[in-house]
Structures are given as C-alpha cells and as structure tokens.
Amino acid sequence: MKCSRAMVDVGKWPIFTLLSPQEIATIRKACVFGTSANEAIYITHNDEVFVFGLNCSNCLGTGDNQSTIVPKKLEVLCGKKIRSLSYGSGPHVILSTEDGEVYAWGHNGYSQLGNGTTNQGVAPIQVCTNLLIKRIIEVACGSHHSMVLSSDGEKVYAWGYNNCGQVGSGSTANQPTPRKVSNCLQTKVVVSIACGQTSSMAVVDNGEVYGWGYNGNGQLGLGNNGNQLTPCRVAALQGLCVMQIACGYAHTLALTDEGLLYTWGANTYGQLGNGNKSNHLSPVQIMVEKERVVEIAACHSAHTSAAKTQSGQVYMWGQCRGQSVVLPHTTHFSCTDDVFACFSTPAVMWRLLSLEHEDYLTVAESLKREFDSPETSDLKFRVDGKFIYVHKAVLKIRCEHFRTMFQSYWNEDMKEVIEIDQFSYPVYRAFLEYLYTDSVDLSPEDAIGLLDLATSYCENRLKKLCQHLIKRGITVENAFSLLSAAVRYDAEVN
C-alpha cells in the first residue's frame, strides 16, 4: 500500500471527525480500515503513531480489546518511520518501516501475522522468520493472508490463509511463517505486489503480470476460472508493459506505461467499467476514448474502482454508495482517495495516505494551469469578441496546423492576435484547451462543431473523442437537434 502524494483532507473520512482540529494538524500519514471503516491509524510529524476506533480482533494493537474514541499511542512503533501499510479484512494490520522491518498485529486465526502461531496479536510484533535480514519495501494483505516485497533481489514472501493457493506455495496448506514465492518468479525481479480477498498479484520489471490464488471470478486474468497454487503469467497482456496493479474484492486493474487501463474479474457491480455486469476472465481495455491514465485505485475490501488521468481528472465506477456504476464516471475530486472516502462501502483507504503538502506540479498540471493565462501567454485568439490566451510553443508542439502556421520567425515579446470567425467561442476554446489537457468537456451539440474543427486541422484523436461525446450524448429528446446542428455546421463550413 503506497503513500499518496496529493494533499488530502482526512475530514472526508467520518471517523476523523472524532479528532480536534489541533490533533488533525499533527497528522502526516493516516489509514482508515476495518470491516465498517471504524478503525484508524495515523503518524504524526514527529513520527509518533496513534490508533483509535472499534478495535475489532485487537486490530488497534493497543494491548487490550477495548475500543477507544481517544487516540492511543503505539509506543513500539513511535520513531520507526513507517513506509508501507496494509490491512486484511479479518482484520489484521501489517506495515514496514524505512529500515525494512515488518510489524503485524490483529486477527491471526490463519497465521496471517507470520509468527508461527494462531494466537491473536494484541500488539505490534516484528515479523522475524525469514525476514530478519531482509529489507522490506512494500506490504500487501488479502482478507487473511499477507505478502511483502524485499529490496535485496526484489523477492516476494507470503504467509497465512492458503485455501485457494494465495500464498503461492504449490499447496492449499496454510503457511504459518513467511515463505518465498518462487516457481516462475524465481528468476524475475518483482517491482510491485497487490492482493485481492483470496488472490495475489505481482508485476515484474519488464512489465509482465503474474497471479495466483482464487480465480473463481477470473480475477487472475488467465482466461479461465481455475485456482492457481503457484504464480502464473497473465498471457493476455503480452506485448504490454504494466506499471501498476490494483486489486479489488475480486477484480483487478492494470495500468500500462502508455497510460492504458485494463480490468478483469468480478463485475457484479460494474467494477470493471466496461458498461456491463458480466465477469471477464481475461483483461479488457476500458476508457479507450479517454486521455492517458496515470493512477488506478482499488482495495480488497470493496467493489469500487477509480482512476486519475494526466490532466488530473478523477473517475470512479463499480459499487458507489450502493449504486452500480458500470462506466467510468467523471467526478469533481482531485484525487482517487476521495472516491473511497465518499463512495466506497466500507469507506476505507486504499493506501496509506500522506497529508504532507508537496509544492510540486507535474508538466501536465503546469500546462493545464497556464491555459488561457494572460500573464504568460504570447498569443491570443479573438473569437466572438472574446480573447483566449495561449502559448505558441505549446501549439507548435501539439498541432501540425499551428506548426505550419508558425514556421516563420516571430518576436517573443509581441502580443499577437488571431481572429477566428468560422467557429464559435465554446468550440474553439475547447479545441485550444484540448491541446493543453488532452481532454474534452463539451455538450454534444458543441462537440459537432469541434468534430468539424478537428477534421479541418487533421486532429484524428480529437475526432474520436468528439464522436464518443456525441454518441454518448444522444437521447430521444436531443436526437433531432443534434442532427440539425450537424447539418448546420456542415453547411457553414462548406
């Protein structure tokens, strides 16, 4: 469970309303977990660790079984600099520190704490067997099994409940202590791990994906629904380089280095995002008409999926507050974490959340912010009497039409104006904004005009986006007006 980089408001998670503003101000990292999202752990700016909540199965690690609405300090973890944290829905908690140590506590009926016993873990205990000389850089939990990734050779270790082979040992016997997951991963360099309820996934450095464990809904993506007792490569992703993997309750998401998103597995709530509720045994690409995806999100406690695009747009689908959303739905959130705070059931966190503000913008975010900015622009368009401020360099890089237009030398200090009279202001502004953000947000009627503009400027990807907008926007009520608009735009241009 990796930390997020975005600045997030923990107040969106109901359990944090128990804390005072002064206490919330001390939080640097946090995680909400548990079967009813009623447990929380947080790390302060001076690396003290606190927990509060229901304390089901001793998952607060306070040494007793008492619930608490007042945060209690976990002295054994204070000063440890927690790097990665995950939770099982049993529940149990497992985390790694910057020094590579692993600690676990909570429910242990299947030895998911890795200490060789089935005794409840009432307080954090370091997982020592086979891991003591290893430096662990990432942890992941299924409902009752645990998995970690080490830095020395990037090896995977797993333990706990193994009824479906989720530990990857080749049998279905429970694994009481950490055991290296080998077989076809023996010679591979694993870079990321994730767990579904009773399944496990790994990504290796060449972008291949491997899965093992329960596969009754096709969540391993192997084209069948047979369980796998050892890692098996997802052959359907051959030729793609996967950078990130995320597991829901019984479905899986994969993100490639080209920003393409694939999903597979259970789809009862539309969590695959392909427009229906049928399970898929093999990967299916979604958001085909959308812009580049840069982050995907899911957790094994929920049937909810989320993604963030290069321009910062956040989408959600699947089970959203009890409603089935079968296609990626545009939200007004700034990060995928907010999807789980506001729409997931339970409202748990899908990763350890960082509340540290980073004064940093990606290139895509910087471009988006500077669109239509009079302060930095060196060119402006006048459309319907209104100005749109842009940058010649961006237009040259992003559009062959403008590259040709600006072939001759121009004075960087000169504020030039280009008059546009054949297209409306909303249409031309949307076109210029597309060059900055790689996305389009228009009414179906205006999308017809933008389609014509894209055709004139030979912007084939934009044409596809417009066609997608028009198709999705057609209703019984507006079909006639869309047809009329199409005829009108065709007449105006020709």
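**Salt bridges in the predicted model**

In this predicted model, D372 has a relative accessibility of 21% and therefore counts as partly exposed, since the buried class ends under 20%. The side chain of D372 forms a salt bridge with that of R429, with an N to O distance of 2.9 Å. D372 is found in the loop between α3 (363-370) and β26 (379-383), whereas R429 belongs to helix α6 (residues 425-437), so the contact ties together parts that are 57 residues apart in sequence. R429 is likewise partly exposed, at 24% relative accessibility.

Across the whole structure, the search finds 16 salt bridges. One of them joins D47 and R28 through their side chains, at 2.4 Å from N to O. This pair links distant parts of the chain, 19 residues apart: R28 sits in strand β1 (residues 27-33), and D47 in the loop between β2 (39-44) and β3 (49-53). D47 has a relative accessible area of 10% and is therefore buried. R28 also counts as buried, with 12% relative accessibility. Both residues take part in a network of salt bridges that links R28, D47 and K81.

A further salt bridge connects the side chains of E208 and K188, with 3.4 Å between N and O. Each of these residues lies in a loop: K188 between β12 (175-180) and β13 (190-195), and E208 between β14 (199-204) and β15 (209-213), so the pair ties together parts that are 20 residues apart in sequence. The relative accessible area of K188 is 23%, which means that K188 is partly exposed.

How values were computed
Residues are numbered from 1 along each chain as its sequence is written. This is a predicted model: local features need pLDDT of at least 70, side-chain atom pairs count only at pLDDT 80 or more; totals for chains, interfaces and linings use all residues. Side-chain values use heavy atoms; hydrogens and water are left out. A salt bridge is a side-chain nitrogen of Lys or Arg within 4 Å of a carboxyl oxygen of Asp or Glu. Helices (H or I, at least four residues) and strands (E, at least two) are DSSP runs, numbered from the N terminus. Buried means under 20% relative accessible area, exposed over 50%, partly exposed in between (1.4 Å probe, protein chains only).
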